[in-house]
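I set out to record what can be read from this model, starting with the sheet and ending with the local details. The entries below are kept in the order in which I looked.

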Amino acid sequence: CGALLSRHPSLAVVTWASQKALDSFVARLGPVLREYLPDTVLSKFACADLDSASFEEKLLARLRRKNTAKCCLLVYQIEPLTSAAAEILNGYRERLASFRAVVVVIRDNRRRDFLTACPDLMDWVGTCVVRAEDLAPALTLRQVNTSIRRLEQQFGMSTKDFQAKWRTGEIQRSDEHWFWNELIAIQDRMK
């Protein structure tokens, strides 16, 4: 968010694979933006039920608002009209610069279609493309401890026993065991 709000024009593309990551990103974006610039207004523009004509009409309505200079436009749920929305956004790229920032959220498997349909807009986006799954909130010590306790119950051993067996190679290496070992390292750093 700091990088997004520090340049102008400011556009970003966020991709997502899981609905949970999308929902989390949409819910957390406004508060995080306001941490960087307190007067930032998040304008959510959900497009799931729109066709290309209504998409353009609603985009124009947002562009006419008086507070666009303080507004971050969040465009999401565009998958049903990916190419059309991309072409429209590409055509309005100069006017999109009136927003403090624009964030377009697109499902991973539609990203290529979006990028292909708006080459000029993507020049403005540049390297500001991230995955919603990578933007999860930081783990808390409480979450780490809870995950470790779950693994202790699942495997029927204490973390101390696990670490001893891990070091001597008595434990078969699996995804859960690697994860447990990483959680222990995270827990040590957080303490």
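**Entry 1. Basis**

I note that this is a predicted model, in which local features need pLDDT of at least 70, side-chain atom pairs count only at pLDDT 80 or more, and totals for chains, interfaces and linings use all residues. Residues are numbered from 1 along each chain as its sequence is written, and side-chain values use heavy atoms, with hydrogens and water left out.

**Entry 2. The sheet**

I looked up the strand order first. Five strands form an open sheet, ordered β2-β3-β4-β1-β5, with parallel pairing. Helices (H or I, at least four residues) and strands (E, at least two) are DSSP runs, numbered from the N terminus. Two strands pair if DSSP finds at least two bridges between them.

β2 (41–46) and β5 (129–131) stand at the edges with a single partner strand each, so one side of each is left without a neighbour in the sheet. On average, neighbouring strands of this sheet are turned by 20° against each other, direction ignored. For such angles, axes are lines fitted to C-alpha atoms, for helices over the stretch in contact, and the values run from 0 to 180 degrees between N-to-C directions.

**Entry 3. β1 and its partners**

I then followed β1. Strand β1 (residues 11–16) is joined to β5 by three bridges, and the two run parallel. β1 also pairs with β4 in the parallel sense, over six bridges. V13 has V104 as its bridge partner in β4 and V129 as its bridge partner in β5. V14 stands opposite V130 in β5.

Is β1 buried or exposed? Six of its six residues are buried, where buried means under 20% relative accessible area, exposed over 50%, and partly exposed in between (1.4 Å probe, protein chains only). L11, V13 and T15 point one way from β1, whereas A12, V14 and W16 point the other way.

β4 is mostly covered as well, with six of its seven residues buried. V103 in β4 is the bridge partner of A12 and of L74. β3 and β4 pair in the parallel sense over four bridges.

**Entry 4. Helices on the sheet**

I checked which helices lie across the strands. Helix α2 (residues 19–36) lies across β1, β2, β3 (71–76) and β4 (101–107), and runs at about 155° to β2. Helix α3 (residues 52–63) lies across β2 and β3, at about 170° to β2.

In α4, the buried residues include T82, A85 and L89. Their cover includes α3, α5 (93–96), β4, α6 and α7; contact here means heavy atoms within 4.5 Å.

**Entry 5. Nonpolar cores**

A nonpolar core is a set of buried Ala, Val, Leu, Ile, Met, Phe, Trp, Tyr and Cys residues joined through side-chain atoms within 4.5 Å. Which residues touch the most other members of the largest one? Of its 30 residues, these are F55, L59, I78, L96 and F114. The elements that give two or more residues to this core are β1, α3, β3, α4 (82–91), β4, α6 (111–117) and α7 (119–125).

I took L96 as an example: not counting residues up to four places away in sequence, L96 touches L11, L59, L63, L73, L89, V102 and L121. Another core, of 19 residues, lies apart from the largest one and has L4, L33, Y76 and A101 among its members.

**Entry 6. The largest pocket**

I looked up the pocket next. A pocket is an open set of points, on a 1 Å grid over the protein atoms alone, where a 1.4 Å probe fits, with protein on both sides within 12 Å along at least five of seven lines; lining residues have an atom within 4 Å of a point.

The largest pocket is lined by 13 residues, and C1, F25, L29, V130 and L135 lie nearest its centre. α1 (2–5), β1 and α2 each supply at least two residues of the lining. The largest share, four residues, comes from α2.

**Entry 7. Backbone details**

The peptide bond from H8 to P9 is cis, with omega near -5°. P9 is placed in the loop between α1 and β1.

Q77 is not a glycine, yet has a positive phi of about 60°. Q77 lies in the loop between β3 and α4 and is partly exposed, with a relative accessible area of 29%.
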